[in-house]
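Hi,

Here's the structure I promised to pass on. Have a look at it first, then read my notes below.

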Amino acid sequence: MDAEEIYQRRIASRFAAFDQDGNGYIDREDFYTAATRLLAEFGVPYRSDRGQALSNGAEAFWQGMAGIADVDGDQRVTREEFVGGALKRLRDNPHGFAEIARPFVRAVLAVAEGTVPGVERALVVLGVDPHTASLTAESLDAAGAGRVDEEEAVAAFGRYFITQEPEAP
Ligand code: CA
Ligand code: CA
């Protein structure tokens with residue numbers, strides 16, 4: 001596999017992570033789907049403080065994503081828009097991108113009660129394969145206390161989406 005191929009695969013996996021319903025574009029529905037799945041998994045009612053926080057976080061995340069990447073303003077982010085907008089913006093300002101996700105990340109941690117096993121379950125619900133989910137959740141517990149810290153989670157989120165473009169041949 002050459003560098004270009006690795007890059008394309010990474011983009012495909014990042015895009016797929018957002019395209020929760022797998023219909024080929026990212027829109028508000030994907031964020032809503034993710035929030036609904038998480039609430040169902042953890043038995044948290046939509047009409048509860050944590051349910052509302054997750055819903056609001058998902059909406060804010062979608063708005064931020066659309067603001068960065070929905071170039072033609074049709075309320076859908078295609079793969080082309082994702083590559084052109086989100087990933088480029090990310091490389092320029094990874095911290096800013098992570099901040100867009102912060103309310104959602106914080107709400108997910110609240111729903112998952114901030115524990116390592118909880119975060120692992122949440123990642124699996126979001127479509128991460130179980131092995132990666134397990135490694136990721138453990139890596140977020142830098143202090144080894146069995147809990148995942150918001151700063152750690154937001155930073156990891158930013159890192160995950162920073163994808164280097166291959167060197168020009
Ligand atoms: Ca979708
Ligand atoms: Ca669009």
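**What I found**

In the protein chain, take the contacts (heavy atoms within 4.5 Å) between residues at least 6 apart in sequence: 63% of them join residues at least 24 apart.

Before you go on, some ground rules: this is a predicted model, where local features need pLDDT of at least 70 and side-chain atom pairs count only at pLDDT 80 or more, while totals for chains, interfaces and linings use all residues. Residues are numbered from 1 along each chain as its sequence is written, chains are lettered from A and ligands numbered from 1 in the order in which they are written, and side-chain values use heavy atoms, with hydrogens and water left out.

Now the fold. The protein chain has eight helices and zero strands (DSSP runs, numbered from the N terminus: helices are H or I with at least four residues, strands are E with at least two). Its radius of gyration is 16 Å, close to the 15 Å from the globule rule for 169 residues, so the chain is as compact as a globular protein of that length. That radius is taken over C-alpha atoms, and the rule is 2.2 Å times the number of residues to the power 0.38.

As for burial, 42% of the 169 residues count as buried (under 20% relative accessible area; exposed is over 50%, partly exposed in between, with a 1.4 Å probe and protein chains only).

One residue to look up: asparagine 56 sits in helix H3 (residues 49–69). Asparagine 56 is partly exposed, at 49% relative accessible area. Its C-alpha atom is 22 Å from that of phenylalanine 15, 41 residues away along the chain.

Cheers
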